[in-house]
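Hello,

Here is the structure I said I would pass on. My notes on it follow below.

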Amino acid sequence: MNYFIAFLTAFLIVYLLIPQLKKFAIKIDFVDKPTSRKIHKNPVPGLAGIAIFLGFIVTYLFFNGGINSKSIALLIGSLMILSIGIIDDWFKTKRKEFPALPKFIVQMGAAVVAYQSGMVFYGFTNPITHEYVLLPVILQFILTVTWIFGVTTVINFIDGLDGLAGGISAISAVTLFIVALAKGQVNSAMMAIILTGVLIGYLRYNKQPAQIYMGDAGATFIGYILGVIALDGAFKQATVLSLLIPILALGVPIFDNIFVVIKRFLEGKSVYKADRSQVHYRLLSAGLNQKQVVTFLCLVNFCMGLISIILLLLKV
């Protein structure tokens, strides 16, 4: 019952806040203006990230029993991600590019904050001997920070069509919720169901044609939280094969962006430089419309989520 109430609370906060943020964004001209690369033809308000942040944090603090070391770290890291994202989004409203280095430093810093609070990938269980393999501290640090930063980035990269990032993230959050429930991990299950409520509330206003965007602020925040949920849940006591569970749960953005990063690197382009190499743009070029692309990619991510749950049930 607590999970349902938390879901409903998060949903309602976002659902009720977004119309007010939409009006405010229009008033201060915080709108995403059309460019040759973007799909939308009219300016769209871009402050939904604030509603997403508040919906998650307020609900989590209430249902998690208030302030503790992990919740403080989550709040600090989330504020870092949200703040730099809003600055980046503000630059975009002026048709300017915010430098990549400050974003990289802040996002890496937020990942370090999570690591310092104890959200760490410590190791894995050997499936043959059933012994726990504890990784060296330096490797724990590198893998933890890389994972959180990576998921933060890939959700942002996939945010290119109305409803796409929100839909895929919601499917991933539900998958991680099921995994956490099966493993008896109450905290990560609570985070996952709250994030699901937040995303459903957002999608009410982001389905095509979108009334509002979450921008880099919202997309990177969602990625950050998904990364933390996986560390706090799916990665705990995982065997070698079950390490695939959180990776598959986020399959579409992870595998697509591995392709994009390699492609940009080989072409000598900046990894952060926006272009049309993501899978959703390639599918549009192949002749699908926006709704077809979003539906197809969400179905693919749903199938990957099912595979991850099957791996969990097989206890491999």
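A search of the whole structure finds six salt bridges (a side-chain nitrogen of Lys or Arg within 4 Å of a carboxyl oxygen of Asp or Glu). One of them joins the side chains of Asp29 and Lys94, at 3.8 Å from N to O. The two are 65 residues apart and link distant parts of the chain: Asp29 sits in the loop between α1 (2–27) and β1 (31–32), Lys94 in the loop between α3 (69–93) and α4 (100–116). Helices (H or I, at least four residues) and strands (E, at least two) are DSSP runs numbered from the N terminus.

This is a predicted model, in which local features need pLDDT of at least 70 and side-chain atom pairs pLDDT 80 or more, while totals for chains, interfaces and linings use all residues. Residues are numbered from 1 along each chain as its sequence is written, and side-chain values use heavy atoms, without hydrogens and water.

On helix packing: the axes of α2 (residues 48–63) and α8 (residues 215–232) come within 8 Å and cross at roughly 30 degrees. The helices are therefore roughly parallel (angles under 35 degrees; axes are lines fitted to C-alpha atoms over the stretch in contact, and angles run from 0 to 180 degrees between N-to-C directions). Gly49, Ile52, Phe53 and Phe56 of α2 meet Gly218, Phe221, Ile222 and Ile225 of α8, where contact means heavy atoms within 4.5 Å. This contact has six nonpolar, two polar and no charged residues (nonpolar: Ala, Val, Leu, Ile, Met, Phe, Trp, Tyr, Cys and Pro; charged: Asp, Glu, Lys and Arg; polar: the others, Gly among them).

Regards

Methods. Parallel < 35°, antiparallel > 145°, perpendicular 65-115°, else oblique.
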